[in-house]
Amino acid sequence: MQKIFRPRLLTLVCASVLPFTVWADDARTYAIGEWNADCPANTRTEWPGMCQAWLDGMKQNGWSTSTYLGSQVRAGAFMDPAKVTGGRDNTADGADAVDATLFCGHGGYSSTRGFFAYFQNQENGNCRAYPDQMLYGPNAGGKLRFLHFSACNSIRWEHRNLWKSAAEGGVHVITGFHGLMYIGWMFNDGYRRVASQGYSQKGVAKAWVDNTYDPGSWYTGNNKVCPVSLAFGDAEYSAAYTLDEGYYHRWPTMKPNYMTSYYVSKCEPNGAPALP
């Protein structure tokens with residue numbers, strides 16, 4: 001059984017130092033606010049603004065930025081050619097062609113394959129991309145170190161291990177949400193803080209959870225929002241250490257023998273059981 005969850009829009013309801021920009025780092029967003037008959041889903045016009053808030057923050061960090069919107073966002077850009085015929089995540093417009101990527105759009109899940117990102121238009125008959133079709137990082141012909149999903153069910157706790165295969169390419173951190181998340185301008189500052197705090201104040205994995213968690217507010221219908229971050233390493237200690245890796249760090253790419261997670265314990269969102 002497969003389900004597409006559509007987030008509810010409730011806007012109504014030291015001494016001088018060298019600059020960190022010496023590295024040629026790139027950030028990219030893929031944002032969808034409207035869907036069509038090709039891949040039908042509910043409209044969420046404020047999603048691109050959430051993506052843009054993060055991207056603006058990354059630009060302020062000195063990174064080069066790019067964005068793809070609506071029909072420009074296709075499943076093949078998230079699929080690896082080693083996994084899927086027609087996959088092109090390593091090409092110039094692919095998710096693995098930059099150091100940090102954020103996808104903003106609908107997400108659903110399969111009981112066997114876990115999360116899928118849901119796109120506006122079909123590509124080679126696909127409206128969806130699953131983790132088993134993905135392979136990110138320097139060991140897979142790309143460069144991605146940080147992968148973010150602003151999408152419902154993108155890291156459901158019971159499916160978190162399904163992300164291990166996508167990390168075989170050496171991506172350092174993957175972030176998302178357990179259960180449903182919500183859309184609206186009031187979340188923009190949180191996404192902007194992910195960029196700023198994840199750059200110089202704390203690890204990206206921790207900045208994601210600390211700034212996208214919501215304990216329940218009027219604009220979520222008093223439902224909690226429960227972000228989850230996954231970090232990978234060649235040993236248990238190095239995976240845990242990766243939770244503290246910031247955007248500006250140049251930590252080595254490791255074989256993902258171990259995975260660890262960061263989240264708010266006991267957080268119970270709409271659409272999923274409470275986290276451990």
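Q: What makes R160 count as lying over the face of W157?
A: A charge sits over a ring if NZ of Lys or CZ of Arg is within 6 Å of the ring centre and within 35 degrees of the ring normal. R160 is 3.8 Å from the ring centre of W157 and lies over its face. R128 lies over the face of F116 in turn, at 4.1 Å from the ring centre.

Q: What kind of model is this, and how are its residues numbered?
A: The model is predicted: local features need pLDDT of at least 70 and side-chain atom pairs count only at pLDDT 80 or more, whereas totals for chains, interfaces and linings use all residues. Numbering starts from 1 along each chain as its sequence is written, and side-chain values use heavy atoms, with hydrogens and water left out.

Q: How many helices and strands does the protein have?
A: There are 4 helices and 11 strands. These are DSSP runs numbered from the N terminus: helices are H or I with at least four residues, and strands are E with at least two.

Q: Why is the pair of Y241 and W251 called stacked?
A: Rings of Phe, Tyr and Trp (its six-membered ring) pair if their centres lie within 6.5 Å; planes under 30 degrees apart count as stacked, over 60 as edge-to-face and the rest as tilted. The whole structure holds 22 aromatic pairs. In this one the centres are 4.6 Å apart and the planes are at 5 degrees, so the pair is stacked. Y241 belongs to helix α4 (residues 236-242) and W251 to the loop between α4 and β11 (258-263), so the pair ties together parts that are 10 residues apart in sequence.

Q: Is Y241 buried or exposed?
A: Buried means under 20% relative accessible area, exposed over 50%, and partly exposed in between (1.4 Å probe, protein chains only). With 52%, Y241 is exposed.

Q: What makes helix α3 mostly covered?
A: In α3 (residues 204-212), 7 of the 9 residues are buried, among them W208 and V209. The buried residues of α3 pack against elements including α2 (188-200) and β10 (226-233), where contact means heavy atoms within 4.5 Å.

Q: How do you know that the length of α2 agrees with that of a helix?
A: The expected span is 1.5 Å times one less than the number of residues. The 13 residues of α2 should therefore span 18 Å, and the end C-alpha atoms are 19 Å apart, which agrees.

Q: Which residues have the most contacts inside the largest nonpolar core?
A: Such a core is a set of buried Ala, Val, Leu, Ile, Met, Phe, Trp, Tyr and Cys residues joined through side-chain atoms within 4.5 Å. The largest has 79 residues, and W54, F78, F103, Y191 and Y247 have the most contacts inside it. Helix α1 (residues 47-60) gives the most to this core, with 7 residues.
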